[in-house]
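The points follow the sequence and the model.

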Amino acid sequence: MSDETPAENAAPAPAPHVKTVLKLAKAMQRNAIVIAVPLAVIGVVLSLVLRGSSGLIGGLIGAVIGLGLGFVGTGVMKGTAQASPTGVMIGAMASFGAKFIVLLVFLIVFRGTTLFDNEAFAFTLLAVTVGWIGGEVVGFIRAKAPSVDV
C-alpha cells in the first residue's frame, strides 16, 4: 500500500491556454478543410480539362502539397498546445519556416520538369493554400476563443 493520497497521484491541471489552443486548432482545421478541399477538386478538374494529363498530374501534386502543408500547420498547433504560449508560437513559426523550405526544395528539384504541367501545379497549389488560410481565418473568428489569456 502507498502512503500517497489520490490528490498526490493526480496529474496537474493543464495550463489555461491549452483548452483555447486546442479549440482554435480544431475550428481552424475544420473550416480550412471545408474551403480547401473543394478548391483542390476544382483545381484538379480544371487542370485536367485545360491542360490534359500533365495538367492532371500537376494539379494533383499541387493539391496534395497544399493540403499536406496545411495539415502540418494545424497539427503542429495541436501538438504544441501543452507547451507555454511562447512554445506554441515557436512551433507555429518553425512550422511556417519548414513549410516554406519544403516548398522551396520541391520547386528547385522539379524546376523545368516535363513530368507535370507547372502552371496547373502552381495555380492549384495557390488556390488550395489561399483557401486553407482563408478557412483558418474564418475558423479563428468563429471559434470566439480568447486569443489572450491574462
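**Notes on the predicted model**

1. Phe106, Phe110, Phe116 and Phe121 form one aromatic cluster. Rings of Phe, Tyr and Trp (its six-membered ring) are paired when their centres lie within 6.5 Å; planes under 30 degrees apart are stacked, over 60 edge-to-face, and the rest tilted. Six aromatic pairs are counted by this rule. One of them is tilted, because the rings of phenylalanine 116 and phenylalanine 121 have centres 5.6 Å apart and planes at 55 degrees.

2. Phenylalanine 116 is buried at 5% relative accessible area, and phenylalanine 121 is buried at 4%. Buried means under 20% relative accessible area, exposed over 50%, and partly exposed in between (1.4 Å probe, protein chains only).

3. Helix 2 covers residues 16-79; helices are DSSP runs of H or I with at least four residues, numbered from the N terminus. A straight helix of 64 residues would span 94 Å at 1.5 Å a residue, yet helix 2 spans only 16 Å between its end C-alpha atoms. The expected span is 1.5 Å times one less than the number of residues. A kink of about 150 degrees in helix 2 is centred on arginine 51, the bend being the angle between axes fitted to the seven residues ending there and the seven starting there.

4. Leucine 46, in helix 2, is partly exposed at 45% relative accessibility.

5. The model is predicted: local features need pLDDT of at least 70, side-chain atom pairs count only at pLDDT 80 or more, and totals for chains, interfaces and linings use all residues. Residues are numbered from 1 along each chain as its sequence is written, and side-chain values use heavy atoms, without hydrogens and water.

Key
Helix = DSSP H or I, 4+ residues; strand = E, 2+ residues; numbered from the N terminus.
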